[in-house]
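Reader: I've got this one open on my screen. Walk me through it, please, starting with the terms I'll need.

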Amino acid sequence: MNAVGIDVSKGKSMAAIVQPFGIVVAEPFEVSHDRQSLSELVERVKRLPGETKVVMEYTGTYYEPIANALHNAGIFVSVVNPLLINDYDTNRVRKVKTDKKDAFKITNYALNKWSELREYIPAEDTRKTLKVLNRQYTQYNKILIMQKNNLIALLDSVFPNANTLFSSPRRETDGHEKWVDFVLQFPHLNAISKLCPSVFKTKYQSWCKANRYNYSEAKAAQIHAYSRTQVSSLPMTDAVMKIVQESAKLLNSTLETLAAIRTEMDKLSSALPEYESVMSLYGVGRVMCSQLIAEIGDVRRFERSKSLVAMAGIDPPPDQSGQHDPKSRSISKRGSPLLRKTLFRIMQVLIQKQPTDEPVYQFLDRKRAEGKPYRVYMIAAANKFLRIYYARVMEALG
């Protein structure tokens, strides 16, 4: 038995090789994540006599180059949650934290959990790409909120509540929102109020045609009348108009990026076998379908639905000691926060639509009728949703 423990970091790792009874085969040595160093590591591990298992931690995406290189060479690799390693073998008063010590710690964990180690199977390229896109989509959404708030704050000084003039949804092709394109053309209320109604209607009609929006003469009259009731705190100077237009352009750029990411996410997720099954779940649209598949991954890696629920971090772990056995427990929150956020949004859709014949909503409504707090019945319903998701997707995957 040879336990190879690898402490992974960005661009390089520290590896050690230990056999049972503390026999050190190789003192900790450094491995760069380049082609030559990884090939040398593979050859070194292959030369070891007897059964060999390599163990490392999930460390962002840094572990993937070394894990894939070893797996592709036919070597048993297990990638474990860092929490399991961190909680293991901590029988010391003074905390010691070095890459070499961590490498030995991982080898000891590997030897102790030898028969329980699960082999690492690299995710399909499609699923990996989908997950990366979802993370980027989340980041750009945060940027979008900041940019919208910034533009609305500017408009409060030059064109109050201009963002409420239109209720049109975002355009699917490029992600544009009508009010953003409108203030890009009319960045100050004086650009409208100083025009006579007929001239503004002509300009507004031309703008609608150029930007592929529906024209309404009544809407044009409403906007013109509204502009004459408002007061701006900043003058209509070139500098003021420029900053509003640049903010609108920046926001449009982010909207276009998000639209492009949504399109790619749907293209990738629709190529996966569980796509139709996930789309058939109530409350799941194209974006949330892609997000669910991205964060959950291949459900076949879960032995049962409870494992999926635990991965999402919405399971209340046991908390019993002596006479201490609380009736209510907090969820673990050890899983993907993005998955929990997506599940929460789906539950909100169920509450808004109230589909009385939908099993998850029936369960949610029953818990709510029992007087359960908001968070309790939302989490319970998300738990049930994941169990149904697991059953449907497993059936689709055969």
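Author: Two strands pair if DSSP finds at least two bridges between them. Helices (H or I, at least four residues) and strands (E, at least two) are DSSP runs numbered from the N terminus. The model is predicted, so local features need pLDDT of at least 70 and side-chain atom pairs 80 or more, while totals for chains, interfaces and linings use all residues. Residues count from 1 along each chain as its sequence is written, and side-chain values use heavy atoms, without hydrogens or water.

Reader: OK, how many bridges join β4 to β5?

Author: These two strands run parallel. The bridges joining β4 to β5 number five.

Reader: In what order do the strands of the sheet line up?

Author: The sheet is open, with mixed pairing, and has five strands. β3 and β5 (76–80) each have a single partner strand, so one side of each has no neighbour in the sheet. On average, neighbouring strands are turned by 20° against each other, direction ignored. Read across, the order is β3-β2-β1-β4-β5.

Reader: Which residue in β3 stands opposite I17?

Author: β2 and β3 pair in the antiparallel sense, over seven bridges. Within β3, the residue opposite I17 is A26.

Reader: What angle does helix α1 make with β3?

Author: Helix α1 (residues 35–46) packs on the sheet and touches β1 (2–8), β3 and β4 (52–57); contact means heavy atoms within 4.5 Å. Angles run from 0 to 180 degrees between N-to-C directions of lines fitted to C-alpha atoms, for helices over the stretch in contact. Against β3, the direction of α1 makes about 165°.

Reader: Is F21 buried or exposed?

Author: F21 sits in the loop between β2 (12–19) and β3 (23–32). Buried means under 20% relative accessible area and exposed over 50%, with partly exposed in between (1.4 Å probe, protein chains only). At a relative accessible area of 85%, F21 is exposed.
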